[in-house]
Amino acid sequence: MSGFQPQNKIGRKGKAVCALLLATSVLALSRPALLCAQETELRGEVSESTILDDQQYRIRQLGMAAATANDDTPLPTYRPASPGALPDDGTGEAAATTGGTFDPPAASDDPFADPAPPPRRRPSATQRAVEEGKAKDEAVDNKKSKRGATATAATPTTDDTDTAAIDEQDTANRRAVTIDSAERLKLDPGAERTEAIEGQDKKNEDDPFAATGIQLGSFVIRPTLEQGLTYSTNADSSSLGKPALLSETTLRFNAVSDWRENSATIEGYGIFRETLSGYDVHEAQGRVDGTLNIDLDNDLHAIAKLGYEAVPESASAPDAIVGAVGQPVRQTVSGSLAVEKDAGKMRFALTGAVEHDIFGDAKLSSGGSLSQKGRDSTLYTAILRTGYEISPAITPFTEIEVGRRAYDLRVDPNGFQRSSTRLGARAGVELDLREKLTGEFSVGWLREAIDDDALPAISGATVNADLKWSPERGTTIGLTAQTTAENTTNAGESGDMLYSGSLTGERQIRANLTGNAALGVEWRDYTGSDDHDLTLSAEAGLTWWLNRYAGLTTRVRTEKLTSNLVGRDYTANSIFVGLKLQR
């Protein structure tokens with residue numbers, strides 16, 4: 001090639017090296033391969049570290065060849081790097097003739113020569129990572145020295161092209177062979193860093209001032225104590241009542257179980273009123289109810305209830321003792337057991353209930369007392385309900401009720417047999433629109449036939465309702481209605497039908513400010529006459545929570561009774577201010 005003009009002259013030793021390499025290549029190609037010889041590619045699995053060692057060897061050979069091309073300095077003396085390496089013969093040719101890892105073995109004329117030694121054992125991942133790190137450092141140093149030695153070359157040579165190809169291959173190997181790729185161990189999730197407690201997202205509470213409750217065994221109890229002063233224009237809500245300043249204490253509690261399957265709830269309250277000045281009033285009343293829900297086999301569900309109530313009789317009640325200093329206290333013990341069964345879309349429920357009333361003595365203004373034992377009675381009832389679920393939100397139903405009221409005294413002091421037989425029927429609908437509207441509403445007819453033929457049966461239409469409606473979050477409107485057949489022991493009278501209803505509303509004005517209001521109505525229709533009572537009431541209140549556990553509360557109330565019976569009309573207005581504590 002006459003056009004090729006190398007810029008650097010090759011020294012004497014360089015020419016000798018080139019001639020030696022050329023002769024070795026010719027001999028290798030012309031050497032007949034032994035039938036039992038094993039090629040390099042068939043040695044088995046080769047580690048990445050072995051590949052890097054071979055590449056470093058070739059880079060060192062090219063670097064030494066390039067270095068000797070410019071001067072006549074002797075080749076570096078071979079120094080064994082590890083035990084078992086070939087000894088130096090003093091001429092420096094051992095390194096040049098030893099060959100790389102993947103060079104074919106030297107030709108041998110001995111057909112019985114030992115085969116090539118087996119490849120060394122594959123190092124562990126950790127050892128490979130260490131070796132690869134060392135190889136990378138050596139590769140960087142060699143490339144720096146190689147680039148410095150060839151910096152004066154004006155045009156690229158064959159050595160430069162080979163060096164660039166080796167650099168690219170080395171870069172690719174370094175990308176592929178890393179410690180992460182050798183191990184690829186996943187980080188333990190427990191060792192990951194987390195945000196500070198202050199920086200974590202916290203779930204907003206629907207009611208930040210709701211009672212947290214007290215854990216007692218398997219129940220969570222939420223008690224509430226309300227203490228304050230009440231001023232009333234009619235302390236005992238009677239036609240003869242007078243103004244008074246009262247100390248009023250109200251204690252309420254709610255306990256809910258945290259069982260896995262069944263559930264139980266206990267609720268109760270107690271109200272105590274004492275006169276501080278004005279009309280003398282001493283009242284105490286309370287109630288406690290327990291409910292147990294049990295899931296039975298064969299899609300049966302049982303609900304058991306037990307309750308107790310002690311309430312002084314109202315001065316406006318039909319059986320109230322005129323001129324009594326203290327009205328008799330009525331104690332009621334009640335219990336019921338209901339079994340519910342779902343069959344497809346049919347709903348069946350059978351409920352048995354018992355209610356026993358005990359009346360105390362009335363305290364007279366003269367200092368004596370008047371027994372009310374003749375009013376003690378027990379009411380036994382059984383109610384069968386059948387319903388059909390049109391949709392999960394609407395379930396119409398019908399009810400049939402049978403019962404018997406038995407007085408402790410077969411004949412009362414006035415000579416009347418007061419025991420009676422009860423029969424009723426109702427039709428209504430259950431609603432379940434989740435948080436929007438829940439409850440039930442029904443209408444029907446109820447009749448109590450008294451055993452004494454001289455007394456007419458107590459009968460009339462019935463209206464019952466218990467609905468909760470939430471038009472928007474933070475607002476709850478309730479509607480309740482109840483029909484009660486009231487018995488009496490007054491001479492010649494059977495009793496009356498009492499219809500009562502209330503419309504209540506509660507609004508969370510702010511997170512710490514709650515308002516409530518209520519409208520009430522009662523209509524009492526006396527059996528066997530045109531007499532009746534009408535009672536209207538209205539109430540409004542506010543509670544301002546200072547924190548989760550304490551708040552200031554106030555309410556105002558007005559009540560008015562109008563009757564066509566003489567001496568029963570009255571009006572009572574009152575205002576309450578106090579402190580409310582909860583836990």
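In which strand does L251 lie? In this predicted model, L251 is found in strand β3. Strand β3 covers residues 244–257 and pairs with strand β4, residues 263–278, through 13 bridges. The two strands run antiparallel. Five residues separate β3 from β4, and the two strands form a hairpin.

Together with L225, W544, L546, L552, L579 and L581, L251 makes a nonpolar surface patch of about 610 Å². L251 counts as partly exposed because its relative accessibility is 43%, a value that falls between the limits of 20% for buried and 50% for exposed residues.

Strand β4 is paired with strand β5 as well. Twelve bridges join β4 to β5, residues 282–295, and the strands run antiparallel. Within this pairing, I266 has G290 in β5 as its bridge partner. Strands of a sheet are held in pairs by backbone hydrogen bonds, and the pairing may be parallel or antiparallel.

Side chains of β4 and β5 are also linked by charge. E283 and R273 meet in a salt bridge, with a distance of 3.3 Å from N to O. The two partners lie ten residues apart, E283 in strand β5 and R273 in strand β4. R273 has a relative accessibility of 16% and therefore counts as buried, whereas E283, at 25%, counts as partly exposed. A second salt bridge is formed by D289 and R287, whose closest N and O atoms are 2.8 Å apart. D289 is partly exposed, with a relative accessible area of 28%, and R287 counts as partly exposed at 25% relative accessibility. In general, side chains of opposite charge can pair when their charged atoms come close. The whole structure holds 26 salt bridges.

Strand β14, residues 420–432, is joined to strand β15, residues 437–450, by 13 bridges in an antiparallel arrangement. T421 has A449 in β15 as its bridge partner. The hairpin of β14 and β15 has four residues between the strands, and R434 in this hairpin takes a positive phi near 55°. On to the next pairing, β15 and strand β16, residues 458–469, are antiparallel and share twelve bridges. Here S442 stands opposite N464 in β16.

E430 pairs with R385, and the closest N and O atoms are 2.7 Å apart. This pair connects distant parts of the chain, since E430 is in strand β14 and R385 is in strand β12, 45 residues away. R385 counts as buried because its relative accessibility is 15%, which is under the limit of 20%. E430, in contrast, is partly exposed, with a relative accessible area of 31%. Both residues belong to a network of salt bridges that also links E399, E401, R405, R422, R426, E440 and E448.

An open sheet is formed by three strands in the order β7-β10-β11, with antiparallel pairing. The edge strands are β7, residues 324–326, and β11, and each of these pairs on one side only. Strand β10, residues 362–364, is joined to β11 by two bridges. In that pairing A362 has L370 in β11 as its bridge partner.

Is Q372 buried or exposed? With a relative accessibility of 8%, Q372 counts as buried, since residues under 20% are placed in that class. Beyond residues up to four places away in sequence, Q372 touches I321, P328, F359, G360, D361 and A362. Among these contacts is A362, the residue whose bridge partner in β11 is L370.

Note on methods
Residues are numbered from 1 along each chain as its sequence is written. This is a predicted model: local features need pLDDT of at least 70, side-chain atom pairs count only at pLDDT 80 or more; totals for chains, interfaces and linings use all residues. Side-chain values use heavy atoms; hydrogens and water are left out. Buried means under 20% relative accessible area, exposed over 50%, partly exposed in between (1.4 Å probe, protein chains only). Contact means heavy atoms within 4.5 Å. Two strands pair if DSSP finds at least two bridges between them. A salt bridge is a side-chain nitrogen of Lys or Arg within 4 Å of a carboxyl oxygen of Asp or Glu. Patches are made of residues with over 30% relative accessible area and no salt bridge: like charges are joined within 9 Å, nonpolar side chains (Val, Leu, Ile, Met, Phe, Trp, Tyr) within 5 Å. Accessible areas come from the Shrake-Rupley method with a 1.4 Å probe; for residues, only the protein chains shown count as cover.
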